There are 2 protein chains.
Amino acid sequence: MLSILETCLYAEDLEAAEEFYTRVLELEVFAREPGRHVFFRCGSGMFLIFNSAATQNPASSAGGVVPGHGARGPGHVCFRIAAGETDRWREKLLAAGVAIESEVHWPRGGTSLYFRDPAGNCVELAPASIWGLKETP
Amino acid sequence: MLSILETCLYAEDLEAAEEFYTRVLELEVFAREPGRHVFFRCGSGMFLIFNSAATQNPASSAGGVVPGHGARGPGHVCFRIAAGETDRWREKLLAAGVAIESEVHWPRGGTSLYFRDPAGNCVELAPASIWGLKETP
């Protein structure tokens, strides 16, 4: 496996999710289908939010059948930020009215900021150093 | 956001998950805590499998409180493979006794292979071309 190509979370209210991830987290919408999904590009991969009520059953397409999936309850994602950008993101989150649920200072170095998206998913911002990974562009 | 740093799925049977993702998908274990999680490195990010029964409540650590999360039901992840490796992976999956649930040929080019992990999560292997993204190492 070269990398993760698609990372998914689920949300019933896709409009709220789109508003949150674009306004607060500065992601750009790649595609949307009202009631089913909103997709964002993020670095070299895709961040996908699905409405599990719409994706739990297989979907036919011209190119084949897309299998069903759809989890419920709070999932988790961590977005990579640059080392040194933690303070800026903390300020931005607070200015945007997002409550920071927790901050964790990791043994390998680096701090995680944790907060919730509108669907209750646990979102984290952290530098690559928390995993001992190199900081890449 | 520079990229996705952590992509998560959930599984009750972490030993089965570890066996599957190492033997079939050739990932290497980065860390494990029996009953709670098994972590894999994947490219420039981390692929994390949690037992939601263990992670649904916050966890204290020396560096701060890690918030609770934990979804139930089938999630989804797509791993990026090299263009031209689809045939090799199809053969490997079949040789490993993994049923291919579906194949989808995408308008932008590239084929997705879909199958289930032992927990029922929907796993996909695809090249970056399905999203119109450049193939990177």
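**Close-up views of a predicted two-chain model**

View 1. A:His105 has A:Thr111 of β9(A) standing opposite, and A:Glu103 has A:Leu113 of β9(A) as its bridge partner. The two strands, β8(A) and β9 (residues 111–116) of chain A, run antiparallel and are joined by four bridges. Five residues lie between the strands of this hairpin, and in it A:Gly109 adopts a positive phi near 105°.

**View 2. From β9(A) into β10(A), a hairpin with five residues between its strands.** The pairing of β9(A) with β10(A) is antiparallel and runs over four bridges, with A:Leu113 opposite A:Leu125 of β10(A). In the turn, A:Gly120 has a positive phi of about 95°. Strand β9(A) is mostly covered, with five of its six residues buried. Strands of a sheet may pair in a parallel or an antiparallel sense, in either case through backbone hydrogen bonds.

**View 3. An open sheet of eight strands with contributions from chain A and chain B.** The strand order is β2(A)-β3(A)-β4(A)-β1(A)-β7(B)-β10(B)-β9(B)-β8(B), and the pairing is mixed. At the edges stand β2 (28–33) of chain A and β8 (102–105) of chain B, each of which has a single partner strand, so that one side of each is left without a neighbour in the sheet. On average, and with direction ignored, neighbouring strands of this sheet are turned by 20° against each other.

**View 4. The contact between chain A and chain B, with 52 residues from chain A and 52 residues from chain B.** On the side of chain A that touches chain B, the elements giving two or more residues are β1 (3–10), β4, β6 (64–66), β7 (76–80), β8 (102–105) and β10 (122–126) of chain A; β1(A) gives the most, with six residues. The residues on this side of chain A divide into 29 nonpolar, 16 polar and seven charged. Strand pairing also links the chains, as β7(A) and β1 (residues 3–10) of chain B pair in the antiparallel sense over four bridges, and A:Phe79 has B:Ile4 in β1(B) as its bridge partner.

**View 5. The relation between the two copies, chain A and chain B.** Chain A is superposed on chain B by a rotation of 180° with 0.0 Å of shift along its axis, at an RMSD of 0.0 Å, which is the relation of a two-fold axis. Of the interface residues of chain A, 100% are also interface residues in chain B, so the copies meet through the same surface.

**View 6. Residues of the largest nonpolar core, which has 74 members.** Within this core, A:Ile49, A:Phe79, B:Ile49 and B:Phe79 touch the most other members. Residues up to four places away in sequence not being counted, B:Ile49 touches B:Leu9, B:Tyr10, B:Ala11, B:Leu14, B:Ala17, B:His37 and B:Val38.

Definitions and conventions. Residues are numbered from 1 along each chain as its sequence is written. Chains are lettered from A and ligands numbered from 1 in the order in which they are written. This is a predicted model: local features need pLDDT of at least 70, side-chain atom pairs count only at pLDDT 80 or more; totals for chains, interfaces and linings use all residues. Two strands pair if DSSP finds at least two bridges between them. Axes are lines fitted to C-alpha atoms, for helices over the stretch in contact, and angles run from 0 to 180 degrees between N-to-C directions. Two residues are in contact if their C-beta atoms, placed from the backbone, lie within 7 Å. Ala, Val, Leu, Ile, Met, Phe, Trp, Tyr, Cys and Pro count as nonpolar, Asp, Glu, Lys and Arg as charged, and the others, Gly among them, as polar. A nonpolar core is a set of buried Ala, Val, Leu, Ile, Met, Phe, Trp, Tyr and Cys residues joined through C-beta atoms within 7 Å. A residue is buried if 20 or more other C-beta atoms lie within 10 Å of its own, exposed if 12 or fewer, and partly exposed in between; C-beta atoms are placed from the backbone. Copies are superposed by least squares on the C-alpha atoms of residues with pLDDT of at least 70 in both.
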